[in-house]
Amino acid sequence: MSERELQDELVRLRRQLHAEPELGLDLPRTQEKVLAALDGLPLEITTGTGLSSITAVLRGSRPGPTVLLRGDMDALPVTERTGLDYASRFDGRMHACGHDLHTAMLVGAARLLTERHAELAGDVVLMFQPGEEGCDGAGKMIAEGVLEASGSRPVAAYGMHVMAARHGLGTFLTRRGPLMAGGDLLRVTVRGAGGHGSTPHRAKDPIAPACEMVGALQALVARTIDPFETLVLTIGSFHSGNAGNVIPGEAVFDGTLRWFSASARDAVWDGITSVCNGVAAAHGVKVDVELSEYVRATINDDAEAEFAAQVATELRGDRFSWLDRPVTGGEDFSRVLEQVPGAFIFLGACPPDRDPDTAPDNHSEFAVFDDSVLADGAALYAELAVHRLARA
């Protein structure tokens, strides 16, 4: 198959996926489309039991280790406003993060690797994953055995993510070490005693201590974390009461933590509970603090990042760049990289008629990803697997 034929095929698949996005772990239409696209290839295919995942194993022509390639398939709860002729047919669902491109590129890699079967000294696992957007789909696929699918655990794993803004079209980017942030969810509930606004001394106002907690938590981060570490605490939601002359009985605020160092995160976790309990005690109210893990930090293996950079440079010349600093978004491919050395790579997909610095970014209802990167992404996936097996 020529590169032009592959590109045309992947564009058709990507646009079919884009028009019918699905959310979370249950992606029956997406799974059906991917299985149809893989039909006829010499793959050992299994599907998930607790989620609509697809694991496809391509056996090499000679014995050897295993390499894993991953593409995520789920969409976001966003109503699309791009005006594209293949835009989402469903309100409240959109491939606003480009996972439709990732899925199509991994299908393309399956085709390319099949054609180069004679070069493969080992096996390739293709991990088609639902539930990346907050559902821990990677963790669930690991629990269902994706890392053992070929019979031996992978020696390396690679993932890719398209970017609608910030980077030029067709540019590959990565970095050694921390690449994307870990994230945690925070909910604090302050319980007092309601009353009339004219007699605050007869109530226990939860709003004042809750506000004090928000400020104290920012100070906690500033005075707990090494200045050369990075941790961001954002309080994005605060709710209490429904009338200006009524003291409510409860105040609730929600936030997130973004971090690159697990030790910094652990220190702040401990401090959050202590600070909130202390402020509550001073005001004579009760407080419940709920902290939950959302996603782990995505940490590239240094050697695998160097290898991915070398392969990308050989594939597309000067279209590879090293990132100067990590990205504060999160990614559950981190689950794989905690168990298998590997690398995650970004691919610029900003349309050529837009300025990457001002274009709508991933997750926007106006985000547009250029189809022209599909063959390049598929080729990089395939080259990573071929070259990594050759050097194992």
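**Close-up views of a predicted model**

**Figure 1. Arg 166 is found in the loop between strand 5 (156–163) and strand 6 (172–174).** Strands (E, at least two residues) and helices (H or I, at least four) are DSSP runs, numbered from the N terminus. This is a predicted model, in which local features need pLDDT of at least 70 and side-chain atom pairs count only at pLDDT 80 or more, while totals for chains, interfaces and linings use all residues. Residues are numbered from 1 along each chain as its sequence is written, and side-chain values use heavy atoms, with hydrogens and water left out. Arg 166 has a positive phi of about 75°, although it is not a glycine. Most residues other than glycine have a negative phi. With a relative accessible area of 43%, Arg 166 is partly exposed (buried means under 20%, exposed over 50%, partly exposed in between, using a 1.4 Å probe and protein chains only).

**Figure 2. Asp 136 is another residue, not a glycine, with a positive phi, here near 55°.** Look for Asp 136 in the loop that links strand 4 (121–129) to helix 4 (137–143). Its relative accessibility is 24%, so Asp 136 counts as partly exposed.

**Figure 3. Here is the largest nonpolar core, with 60 residues.** Such a core is a set of buried Ala, Val, Leu, Ile, Met, Phe, Trp, Tyr and Cys residues joined through side-chain atoms within 4.5 Å. The members that touch the most others are Leu 38, Leu 69, Leu 113, Leu 126, Phe 128 and Leu 380. Helix 9 (residues 374–391) gives the most to this core, with ten residues. Now find Leu 69: leaving aside neighbours within four places in sequence, its contacts (heavy atoms within 4.5 Å) include Leu 113, Leu 126, Tyr 158 and Tyr 381. A second, separate core has 25 residues, among them Leu 186, Ala 210, Leu 233 and Phe 253.

**Figure 4. Four strands make an open sheet in the order 10-12-8-13, with antiparallel pairing.** Two strands pair if DSSP finds at least two bridges between them. Strand 10 (231–239) and strand 13 (286–295) are the edges, each with a single partner strand, so one side of each has no neighbour in the sheet. From one strand to the next, the twist averages 20°. Nine bridges join strand 8 (residues 182–191) to strand 13 in the antiparallel sense, and Asp 184 stands opposite Glu 293 in strand 13.

**Figure 5. Helix 5 (residues 207–224) lies across strands 8, 10, 12 (250–259) and 13.** Helix 5 runs at about 170° to strand 10. Helix 6 (residues 262–283) also lies across strands 8, 10, 12 and 13, running at about 165° to strand 13. Axes are lines fitted to C-alpha atoms, for helices over the stretch in contact, and angles run from 0 to 180 degrees between N-to-C directions.

**Figure 6. The structure holds five aromatic pairs.** Rings of Phe, Tyr and Trp (its six-membered ring) pair if their centres lie within 6.5 Å; planes under 30 degrees apart count as stacked, over 60 as edge-to-face and the rest as tilted. In the pair of Tyr 158 and Phe 307, the centres are 6.0 Å apart and the planes stand at 40°, so the pair is tilted. Tyr 158 belongs to strand 5 and Phe 307 to helix 7 (residues 302–316), so the pair ties together parts that are 149 residues apart in sequence. Both Tyr 158 and Phe 307 are buried.
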